[in-house]
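This briefing is meant for a reader who is meeting the structure for the first time. Please look over the sequence and the model below before reading the notes that follow.

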Amino acid sequence: MNPAALYERLLEETRALGTASGRNLVAFSGGVDSALVAQAVFTAFPHSGEAVLGVSPSLSAEQRASAFQLAEHVGIPLRLVDTDEGADPVYIANEGLSCYVCKSVLYETMRRIDASLDGEKDVVLFNGTNADDMIDPTRVGLRAAREYRVASPLASYTKEEVRAMSRHAGLPNWNAAAAPCLRSRLQFGVPATAGHLARIDEAERRLRARFAFDAADNLRVRHLAGDAAMIEADSTKLPHLTQRECEAELLPLGFTSVSLRAFVSGGVSGFRPPAVEEPDHPATSDSTETASA
């Protein structure tokens with residue numbers, strides 16, 4: 001099926017998932033997936049579609065700026081909400097359940113937005129989970145999405161199809177590299193503190209500026225145990241990064257050592273499928289959400 005036909009099908013499916021009598025809220029990051037969902041939701045529900053960006057130390061400055069730019073391009077209203085996953089000891093421990101905690105906090109915050117919307121009763125939550133995400137066992141945030149009955153209109157589309165539809169729809173980030181949250185850079189067991197997240201954000205900002213990375217280039221600064229840094233970059237960019245220059249940028253930030261290797265998605269997650277207790281909050285649709293890698 002060509003991108004135009006796929007996109008028309010996506011719009012039909014989005015209309016079926018949403019509500020015409022209330023609000024349609026998109027968990028928005030400014031990434032490729034959530035931008036396409038925001039486009040589809042706003043096209044299907046121009047008077048009730050809204051993008052919601054969770055703001056916490058795990059949100060990079062680059063992601064925040066991108067979210068504003070993409071929301072403006074789509075035309076969808078953007079609401080910023082503060083999320084407090086960083087106050088949860090389970091999130092901070094970073095031992096396999098951080099993403100579950102983060103997504104649960106985000107969806108609960110989104111669900112409560114309806115209280116400020118003049119008594120509107122129907123609220124549908126959307127996310128950008130695609131078909132590739134759903135077969136990734138590291139994405140424990142999917143469990144939170146199921147519990148909150150979040151609608152996932154991209155669940156039957158691969159990442160390749162998502163990019164093709166995004167390009168057809170004229171979204172400027174259709175070819176952008178994946179941009180998961182900063183917490184995903186932490187090695188399993190390295191605490192997800194605000195200080196660690198801010199260090200990673202600044203490290204990546206410095207390297208992107210120094211070595212002229214663009215939006216399509218993958219770059220991660222992995223925060224390993226003992227404050228060691230592992231820089232990961234696409235194999236085409238890696239030869240341009242020198243040990244000396246990387247150390248000059250990162251050691252002043254408090255990293256004790258710097259190493260380099262080719263980009264590997266989820267390369268330091270150390271994933272172990274964790275047990276998740278049943279939540280004490282009521283569920284609200286039945287779909288999924290992306291996590292970080």
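The second largest pocket holds about 510 Å³ of space. This is a predicted model, in which local features need pLDDT of at least 70 and side-chain atom pairs count only at pLDDT 80 or more, while totals for chains, interfaces and linings use all residues. Residues are numbered from 1 along each chain as its sequence is written, and side-chain values use heavy atoms, with hydrogens and water left out.

**The second largest pocket**

- Of the 30 residues that line the second largest pocket, Glu62, Gln63, Ser66, Ala179 and Ala215 are the closest to its centre.
- On a 1 Å grid over the protein atoms alone, a pocket is an open set of points where a 1.4 Å probe fits, with protein on both sides within 12 Å along at least five of seven lines, and lining residues have an atom within 4 Å of a point; the volume is the space filled by probe spheres set on the points, which are joined across faces, edges and corners.
- At least two lining residues come from each of α3 (61–74), α8 (194–210) and β5 (219–223), and α3 gives the largest share, with six residues; helices (H or I, at least four residues) and strands (E, at least two) are DSSP runs numbered from the N terminus.
- The lining is made up of 13 nonpolar, nine polar and eight charged residues, where Ala, Val, Leu, Ile, Met, Phe, Trp, Tyr, Cys and Pro count as nonpolar, Asp, Glu, Lys and Arg as charged, and the others, Gly among them, as polar.

**Aromatic rings and charges**

- The structure holds one aromatic pair, formed by Tyr107 and Tyr148, which is tilted, with 6.1 Å centre to centre and 50° between the planes.
- Tyr107 belongs to helix α5 (residues 98–111) and Tyr148 to the loop between α6 (141–147) and α7, so the pair ties together parts that are 41 residues apart in sequence.
- Rings of Phe, Tyr and Trp (its six-membered ring) pair if their centres lie within 6.5 Å, and planes under 30 degrees apart count as stacked, over 60 as edge-to-face and the rest as tilted.
- Both Tyr107 and Tyr148 are buried, a class that means under 20% relative accessible area, whereas exposed means over 50% and partly exposed in between (1.4 Å probe, protein chains only).
- Arg199 lies over the face of Phe255, at 5.3 Å from the ring centre, and Lys237 over the face of Phe213, at 4.7 Å from the ring centre; the criterion is that NZ of Lys or CZ of Arg is within 6 Å of the ring centre and within 35 degrees of the ring normal.

**Two residues and their contacts**

- Thr14, in helix α1 (residues 3–17), is buried, because its relative accessible area is 0%.
- Beyond residues up to four places away in sequence, Thr14 touches Ala40, Val41, Ala44, Phe45, Phe126 and Pro153, contact meaning heavy atoms within 4.5 Å.
- Ala169 sits in the loop between α7 (159–168) and α8, and counts as partly exposed because its relative accessibility is 22%.
- Leaving aside neighbours within four places in sequence, Ala169 is in contact with Tyr7 and Gln39, and its C-alpha atom is separated by 8.9 Å from that of Pro3, 166 residues apart along the chain.

**Positive phi angles**

- Ala212, in the loop between α8 and β5, has a positive phi near 55° although it is a residue other than glycine, and at 56% relative accessibility Ala212 counts as exposed.
- Asp227, in the loop between β5 and β6 (228–233), is not a glycine but has a positive phi of about 60°, and at 27% relative accessibility Asp227 counts as partly exposed.
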